[in-house]
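Please read the following note alongside the sequence and the coordinates. It is arranged as numbered points, so that each may be checked separately.

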Amino acid sequence: LYNMRRITLDALQENFLHIISKEWMLVTAGTPGHFNTMTANWGGTGFLWNRPVVFVFIRPERYTYEFMESNEYFTLSFLGEENKAIHKICGSLSGRDIDKIKESGLCPLILENNQITYKQSRLTLECKKLYDTMLNQKNFTDKVPLGQWYGGTHGNLHKMYIAEITGIWIKE
């Protein structure tokens with residue numbers, strides 16, 4: 001598969017606190033013929049229900065939300081800090097209005113289970129949705145993030161998706 005190789009969870013040696021917050025990621029959902037991607041840097045990894053999992057947050061007004069809702073799988077692609085220009089396009093422009101793949105120069109790759117990653121990706125996690133829920137303002141025990149990130153010009157509350165990591169791919 002181009003220059004990507006599947007690895008096991010035990011071979012994964014990443015600091016996800018660092019790469020999600022500093023490197024960022026592309027969240028991609030859909031089918032090879034119809035998909036969308038967006039930049040994200042809110043999320044994480046862990047172990048839940050005896051499975052390795054990721055959790056990501058998507059606002060309902062984002063175009064990618066439609067694809068997350070209608071598909072069982074999605075990918076998280078980490079492009080490296082050298083690809084911030086791609087992240088800026090995929091994080092500031094909507095796939096409803098432009099062809100993000102063309103505008104950003106991304107080169108899609110189709111993984112074994114028909115999920116999408118990119119030739120530029122140094123690490124890709126294939127993810128199967130297990131659980132989702134809308135954040136609820138009454139459940140914020142610390143109200144600072146609620147006022148800082150929601151309402152006014154910030155937008156609606158996010159939906160949280162918890163997904164099992166079903167495949168890990170790295171660039172060779």
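The points below begin with the basis of the values and then take up helices, single residues and a pocket.

1. Basis of the values. The model is predicted, so local features need pLDDT of at least 70 and side-chain atom pairs count only at pLDDT 80 or more, while totals for chains, interfaces and linings use all residues. Residues are numbered from 1 along each chain as its sequence is written, and side-chain values use heavy atoms, with hydrogens and water left out.

2. Helix α1. Helices (H or I, at least four residues) and strands (E, at least two) are DSSP runs numbered from the N terminus. Helix α1 spans residues 16-23, and its residues F16, I19, I20 and E23 are buried; buried means under 20% relative accessible area, exposed over 50%, and partly exposed in between (1.4 Å probe, protein chains only). These residues lie on the same side of α1 because they cover an arc of only 110 degrees around the axis, the arc being that of the directions from the helix axis to the C-beta atoms. The cover over the buried residues of α1 includes β2 (25-31), β3 (34-40), β4 (43-48), β6 (73-78), α3 (84-92) and β9 (123-134); contact means heavy atoms within 4.5 Å.

3. The ends of α1. Just after the helix, W24 takes a positive phi of about 75 degrees.

4. Helix α2. In α2 (residues 63-70), the buried residues are Y63, T64, Y65, F67 and M68. Their cover includes the strands β2, β3, β5, β6, β9 and β10.

5. Helix α3. Which residues of α3 are buried? They are K84, I86, H87 and C90. An arc of only 150 degrees around the axis holds them, which puts them on the same side of α3. On the other side of α3, A85, K88 and S92 are exposed. What covers the buried residues of α3 includes α1, β2, β3 and α4.

6. I98. The loop between α3 and α4 (100-104) contains I98. Its relative accessibility is 26%, so I98 counts as partly exposed. Apart from neighbours within four places in sequence, I98 is in contact with I89, L93 and E103.

7. V54. Strand β5 contains V54, which has 0% relative accessibility and therefore counts as buried. The C-alpha atoms of V54 and A163 are separated by 5.4 Å, although these residues are 109 residues apart along the chain. Leaving aside neighbours within four places in sequence, the contacts of V54 include F74, L76, L125, C127 and Y161, as well as A163.

8. H158. This residue lies in the loop between α5 (144-149) and β10 (159-171). Is H158 buried or exposed? At 6% relative accessibility, H158 counts as buried. The side chain of H158 makes a polar contact of 2.7 Å with the side chain of Y150; a polar contact is a pair of N or O atoms within 3.5 Å, where within protein one must be able to donate a hydrogen and the other to accept it, and residues adjacent in sequence count only if both atoms are side-chain atoms. Not counting residues up to four places away in sequence, H158 touches W42, F57, I58, R59, T133, M134, L135 and Y150.

9. W49 and N50. The loop between β4 and β5 includes W49, and N50 lies in the loop between β4 and β5 as well. W49 has a positive phi near 55 degrees and is not a glycine; N50, also a residue other than glycine, has a positive phi of about 60 degrees. W49 counts as partly exposed at 49% relative accessibility, whereas N50 counts as exposed at 68%.

10. The largest pocket. About 370 Å³ of space lies in the largest pocket. Of its 15 lining residues, the closest to the centre are M38, T39, A40, N41 and R62. On a 1 Å grid over the protein atoms alone, a pocket is an open set of points where a 1.4 Å probe fits, with protein on both sides within 12 Å along at least five of seven lines, and lining residues have an atom within 4 Å of a point. The volume is the space filled by probe spheres set on the points, which are joined across faces, edges and corners. β3, β5 (51-58) and α3 each supply at least two lining residues, and β3 gives the most, with three. By class, the lining has seven nonpolar, six polar and two charged residues (Ala, Val, Leu, Ile, Met, Phe, Trp, Tyr, Cys and Pro count as nonpolar, Asp, Glu, Lys and Arg as charged, and the others, Gly among them, as polar).
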